[in-house]
Amino acid sequence: MKKLDRNQIAARVARDIPDGAYVNLGIGLPTLVADHLPKDREIILHSENGVLGIGARPAKGMEDEDLINAGKEPVTLLKGGAFFHHADSFGMIRGRHLDYCVLGAFQVSVAGDLANWHTGAPDAIPAVGGAMDLAVGAKNVLVMMEHLTKDGKSKIVERCTYPLTGAHCVNRIYTDLAVIDVKPDGLHVVDIVEGLSFEELQRLSGVPLKPAAASKAA
Amino acid sequence: MIDKFIATAAEALADVPDGATVLIGGFGNAGMPAELIGALIAQGAKHLTVVNNNAGNADAGLAALIGAKRVRKIICSFPRQTDSWHFDKAFRAGELDLELVPQGTLAERIRAAGAGIGAFYTPTAFGTRLAEGKETRRIGERDYVLEYPIHADYALIKADRADRWGNLTYRMTARNFGPIMAAAAKCTVAQVRETVSLGELDPELVVTPGIFVKRVVRISPLRKVA
């Protein structure tokens with residue numbers, strides 16, 4: 001089978017984001033999605049710290065310390081972009097104005113529960129940021145992650161063992177092996193990577209999946 | 001006559017008592033009132049409760065305040081950073097308490113304080129460990145968590161321009177927590193890059209009206225410290 005690399009997963013996510021969408025890309029892996037958004041679509045990127053209309057990374061030497069994203073990386077602003085304070089920014093999130101957010105995850109459950117902020121280790125210093133707001137607020141919560149942990153366990157689970165970020169909030173999961181929709185009646189496979197059978201994906205995932213035939217590939 | 005301009009950061013913060021609750025603006029370095037924090041460290045107030053999105057980066061600003069052991073409690077959403085060593089050390093040594101709040105709930109709790117709201121229900125964090133022990137309520141089809149405002153004695157913020165009435169404008173993402181923190185504190189101190197005469201700020205573009213601001217200190221970019 002041909003596992004997708006990080007950029008290929010990001011490109012697969014980008015394909016599903018339509019023209020005109022307002023989108024928040026989470027810190028880390030999801031920020032790669034920005035590099036793959038189709039050029040013929042006008043998609044407006046939001047960042048929690050108070051900006052809509054984020055553009056490309058600035059050229060070296062052109063960074064401005066007052067113009068950063070939620071990952072505290074320097075960014076640029078598109079024509080038409082806007083700044084606003086933190087309460088407005090999270091009002092946009094919580095008030096269901098964002099069409100999509102893309103988040104990383106440690107685990108996603110069959111019911112769409114998301115765990116992505118805390119490993120649960122007793123000595124870990126907890127940090128949550130805007131993850132819980134995005135999980136409950138965006139109209140579509142997309143998760144991108146590797147399908148399996150380093151020791152081969154499925155990150156799609158019957159019940160999350162890590163502390164939850166949000167309950168019943170994930171709509172679609174993108175992994176290096178498949179794209180899977182989370183629906184009230186269970187997990188529906190949308191895409192599988194080349195060379196991997198549904199049966200093998202089912203075996204690796206360890207939770208009940210419904211085959212792609214039911215929901216034709218996007 | 002109203003004149004909120006104060007000559008130095010030291011004068012502007014001279015009356016901060018031990019045990020005060022202090023909102024500190026900024027998200028990363030953008031909007032962080034570094035010179036005001038420096039003056040607060042020099043002033044010596046201790047046992048402070050500090051509210052900020054983070055818990056300090058590297059050795060400057062809020063990190064230095066924590067390093068100087070002036071902070072008893074921190075209310076924030078994202079303390080753990082690759083360079084949050086002052087917080088990490090103090091937290092692991094049990095020298096300060098942490099109240100971890102989801103970022104949007106943090107912002108709304110600050111906004112609620114400034115807007116006279118007694119409490120509010122938010123869907124954020126329902127069903128998670130950050131909602132444990134809190135009142136919840138089902139409204140319509142959704143579950144919500146009851147959250148209370150964060151009132152403060154002081155707010156230290158960084159804006160771009162100000163007039164002597166305390167009207168403020170900001171610069172790009174440095175705005176972040178400034179406007180809501182200004183409204184939530186009894187005494188808001190703004191450090192600004194430039195002071196201007198009354199009438200020079202376009203009233204359509206004033207972001208924080210002067211009613212929310214008590215003191216304004218101009219920090220010359222040439223005298224940048226820490």
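Ile150(B) counts as buried because it has 26 C-beta neighbours inside 10 Å, where buried means that 20 or more other C-beta atoms, placed from the backbone, lie within 10 Å of a residue's own. This is a predicted model, in which local features need pLDDT of at least 70 and side-chain atom pairs count only at pLDDT 80 or more, while totals for chains, interfaces and linings use all residues. Residues are numbered from 1 along each chain as its sequence is written, with chains lettered from A in the order in which they are written.

**Surroundings of Ile150(B)**
- Ile150(B) sits in the loop that lies between strand S8 (142-147) and strand S9 (152-158) of chain B, strands being DSSP runs of E with at least two residues, numbered from the N terminus.
- Apart from neighbours within four places in sequence, the contacts of Ile150(B) include Val51(B), Ile75(B), Arg109(B) and Ala184(B), a contact being a pair of C-beta atoms, placed from the backbone, within 7 Å.

**Nonpolar core**
- The largest nonpolar core has 133 residues, and those with the most contacts inside it include Leu114(A), Val143(A) and Met181(B); such a core is a set of buried Ala, Val, Leu, Ile, Met, Phe, Trp, Tyr and Cys residues joined through C-beta atoms within 7 Å.
- Met181(B) touches Leu23(B), Gly25(B), Ile110(B), Ala155(B) and Ile157(B), if residues up to four places away in sequence are not counted.

**Contact between the chains**
- In chain A, 30 residues are in contact with 36 residues of chain B.

Terms used: Buried ≥ 20, exposed ≤ 12 C-beta atoms within 10 Å, placed from the backbone. Contact = placed C-beta atoms within 7 Å. Helix = DSSP H or I, 4+ residues; strand = E, 2+ residues; numbered from the N terminus.
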